[in-house]
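Trainee: I'm new to this one and would like a close look at a single part, the place where the chains meet. Could you walk me through it once the structure is up?

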There are 2 protein chains.
Amino acid sequence: MVSDLAGFLTTCRTALGAAHVVTDPDVTDAQATDWTGRWRGSTPAVLRPGSTDEVRTVVHAARRHHIALVAQGGNTGLVGGSVPHAGEVIVDLRRFDELGPVDAPAAQVTVGAGATLAAVADHAAAHGLTVGVDLAARDTATIGGMVATNAGGLHVLRHGSMRAQVVGLEAVLGTGDAVTANLAGLVKDNTGYDLPGLLCGSEGTLGIVTRVRLRLVPRPAARVVGLLGLPTVTEAVAALPVLRSLDSLQAVELILDSGTQLVAGHLGLPVPLDPLPGCLLLVELGGAGDLLGELGSALELLGQAVTDSAVADDDAGMARLWRWREAHSEAAAALGLVHKADVTVPLSDMPAFVAAVPARVQAVAPGATTLLYGHLGDGNLHVNVVGPAADDDSALDAVFQLVVDLGGSVSAEHGIGVAKRHWLERQRGSAAVDAMGAIKAALDPDGILNPGVLLP
Amino acid sequence: MVSDLAGFLTTCRTALGAAHVVTDPDVTDAQATDWTGRWRGSTPAVLRPGSTDEVRTVVHAARRHHIALVAQGGNTGLVGGSVPHAGEVIVDLRRFDELGPVDAPAAQVTVGAGATLAAVADHAAAHGLTVGVDLAARDTATIGGMVATNAGGLHVLRHGSMRAQVVGLEAVLGTGDAVTANLAGLVKDNTGYDLPGLLCGSEGTLGIVTRVRLRLVPRPAARVVGLLGLPTVTEAVAALPVLRSLDSLQAVELILDSGTQLVAGHLGLPVPLDPLPGCLLLVELGGAGDLLGELGSALELLGQAVTDSAVADDDAGMARLWRWREAHSEAAAALGLVHKADVTVPLSDMPAFVAAVPARVQAVAPGATTLLYGHLGDGNLHVNVVGPAADDDSALDAVFQLVVDLGGSVSAEHGIGVAKRHWLERQRGSAAVDAMGAIKAALDPDGILNPGVLLP
């Protein structure tokens, strides 16, 4: 099977218009590298289809000419899932940016796969609604990419991951067929296999998502953010039941003293609590009730476990507190190339896990910097390691081994991508991976969709 | 390919023990017919495996000996999905009745596929928790069957369908491989395709579910039930926004005057509201707040739309009011063989749909009795037709055509089974059905699992 790139691009130019078949190296090189710089690929072309029919034409032509494709939205993924590692052609979905009318009684909206999270959230805000998933890359990340990766983010403990937000969708499978499921947004539609749920989290390996029917959630009338200082992660985990009992709880994020100091240096700011405690919880409440009163009661219940705290209920103040959590990623990136793990461990093992990780990393990558932070309410931590070369997986492998030994997950929310392919089977077992491979072969029989991603 | 039943049963007797390979016609005949009597099949044997390894052995042997299998739990399905239509061997999962310890902090439990809904709900009740899905067949329906059919029921508007309750599971695929996914109940596990979501609603055609990790929901501290009389379905639909705004809303069920009169005759009771209004809404609130006050405020807001009402907050009184809704199914069955449709239509079309259905049925089945009732809060109605012979689909076909014309779903919650196979493609389109067929071939390559069900 010899691939025929020239023939493929000719077909695409006819179908999409020459302006939407980009081979300018300035563009193709930029889109072939992810924003972290950790994943670099190369591509002969970036396609920018504008309709589902055009995507169908692209996939059919790719099958005919033996061309592999990588679907791309905002390219903000963290596991190399949207990067052309072996010269795949990029299918850029960002022209699919339509925002359908908000169905306020149903609290739903249909949007194009290329609409950014921020655009959809702004669109819904006029109706007192928002998207149930939020994450720091909201201005760039697209809904299609978030569906393909089953994105998590800041409010999973409140609203679930992206799969829980997807009511229906339209996608072009690897066969070239366009399928739709419940774009009308029926509350109940139990007709056959759950194609939306299957495509959600499939990382572009089964189909290219083109449109999504999203459920929306009430936009909290008001918010309060508290930054709580606690001596160690043990006290932080122990505080969770009290925090979870708050009706208005939206997020519980963990940062540590070491990461906070790094962010302080990066931002040129004094640390937020002085003296800086070993562990900080960023807690957000949202709703229409007495949020400050609710947070105050929680602090009273937590007693001396919380050694210091800062609270804000104005936009600027809340943004300042959130910045300590959200700037972790960019502070790590400023140190150099970042190896990223994103893991779940049982909450009871969380203190021991946080204590053990830096030493495990040091053992295989002496001198490396390790940052730990994340969504404590979900038992989900991000591990950032700076130091090892791009092709040196030893530090993350040490972290993943610890996770699997504890019965955790090597991917809480980022997905498998290329970064964790060799860990998929170690966590899930060969039978589950075989089943995934069979599903892949069923919906992408020629293996042209994101061939290097997710599956071994 | 010649099937070798004798060889298959010999293998099964060795693996399961002879006592768990039942060929007594009294048993096999009973389990080959569903409880409604609408679906009758025949089977040479009922297998009762007691472990996942035994199920693996059964499936491997079935592949080797070319034997088709039907998995069966409580056999309370309504679309013929658990009945051996072509002499399939029944795999009865009811020995998988273990109830794992309730993980109260996580609000989760792992149970065997054969545990009944009532058993799991009782088990969870000791911790102030319950299952998010409830339905009238709770004493017989098993968790495995509810997962396989993605059961809906009375509280979908509050907690979602069964798929939303499944955190993880174990199943034996048609390949004979046992797969597990997140039985540890991690809040986030984004490692590959969503096998639990795919198996949920697959109606036994892809794998046999053996164990399920369920999320649990708070068991309301108290409940209040109101039966609200309204002139027509138009007023009932218009009342939904007010009812949905109640924080403690658990269910909104619709019954009509005709069905209520039928139930009154069946139960030998006077009608619950006299004079009987055209339309009745059964509303349940649950929680720790002032439920009677909440319902009272709602009634005030609804004003003269509600012409009469009955309210109960004691167990016996609430059960009496629920009986008017729950007895519809048995009252219909007492009239004769029941053809059951279970459909969603857009709420804006609901009044016209309810008005049109009896005439559509009469046009093709003169003299038939049509009952309409169901989960109005979800836009989901059950249509029961008594009159036509078992093999006469014309009445339901007339109903389904109307549903598809309105952009609704021919299965809101019951599934496709054999009852609606010929409607699947008309609603979902050939591309989606082709994709389902490809997935079926991938996970059940010999087509031995429930071969006559779901797919055309």
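Before we zoom in, how many salt bridges are there over all chains?

Mentor: The count comes to 32 salt bridges over all chains. Keep in mind that this is a predicted model. Side chains of opposite charge can pair when their charged atoms come close. Six of these salt bridges are found across the interface of chain B and chain A, so let's go there, since a salt bridge here needs a side-chain nitrogen of Lys or Arg within 4 Å of a carboxyl oxygen of Asp or Glu. One to look up is the pair A:Arg163 and B:Asp194, whose side chains meet with N and O 3.5 Å apart.

Now for the interface as a whole. The size of an interface is often given as the accessible area lost when the parts come together. Here, about 4300 Å² is buried between chain B and chain A, and carbon and sulfur atoms give 59% of that area. Chain B brings 60 residues to the contact, and chain A brings 60 residues as well. On the chain B side, look for B:Lys188, B:Asn190 and B:Tyr193: this trio supplies 24% of the area that chain B buries against chain A, more than any other three residues.

Polar contacts cross over too, with 27 residue pairs found between chain B and chain A, counting pairs with both residues at pLDDT 80 or more. As for which elements of chain B do the touching, β8 (178–181), α7 (195–199), α15 (421–428) and α16 (430–443) each supply at least two residues. Of the elements, α16(B) gives the most to this side, with ten residues. Sort the chain B residues that touch chain A by type and you get 28 nonpolar, 21 polar and eleven charged.

Let's stop at one residue, B:Gln427, which sits in helix α15 of chain B. Beyond its neighbours within four places in sequence, B:Gln427 is in contact with A:Asp189 and A:Thr191 from chain A, and with B:Val404, B:Gly408, B:Ser409, B:Val410 and B:Ser411 from chain B. In one of these pairings, a polar atom of the B:Gln427 side chain lies 2.7 Å from the backbone nitrogen of B:Val410. If you'd like a landmark, the C-alpha atoms of B:Gln427 and B:Asp342 are 14 Å apart, while the two residues are 85 residues apart along the chain.

Now step away from the interface for a salt bridge inside chain A. A:Arg63 pairs with A:Asp446, and their closest N and O atoms are 2.7 Å apart. This pair links distant parts of the chain: A:Arg63 is in helix α3 (residues 52–65), A:Asp446 is in the segment after α16 (430–443), and 383 residues separate them. While you're in that segment after α16 of chain A, find A:Asn450. Phi of A:Asn450 is near 45°, a positive value in a residue other than glycine.

One last stop, with a counterpart on each chain. A cis peptide bond joins A:Asp274 and A:Pro275, with omega about 5°, and A:Pro275 lies in the loop between α9 (257–267) and β12 (279–287) of chain A. In chain B, a cis peptide bond joins B:Asp274 and B:Pro275, again with omega about 5°, and B:Pro275 is in the loop between α9 (257–267) and β12 (279–287) of chain B.

Terms used. Residues numbered from 1 in each chain as written. Chains lettered and ligands numbered in written order. Predicted model: local features only at pLDDT ≥ 70, side-chain atom pairs only at ≥ 80, totals over all residues. Heavy atoms only, no water. Contact = heavy atoms within 4.5 Å. Buried area = accessible area lost by both parts, 1.4 Å probe. Polar contact = N/O pair within 3.5 Å; in protein donor to acceptor, adjacent residues only side chain to side chain. Helix = DSSP H or I, 4+ residues; strand = E, 2+ residues; numbered from the N terminus. Nonpolar A, V, L, I, M, F, W, Y, C, P; charged D, E, K, R; others polar.
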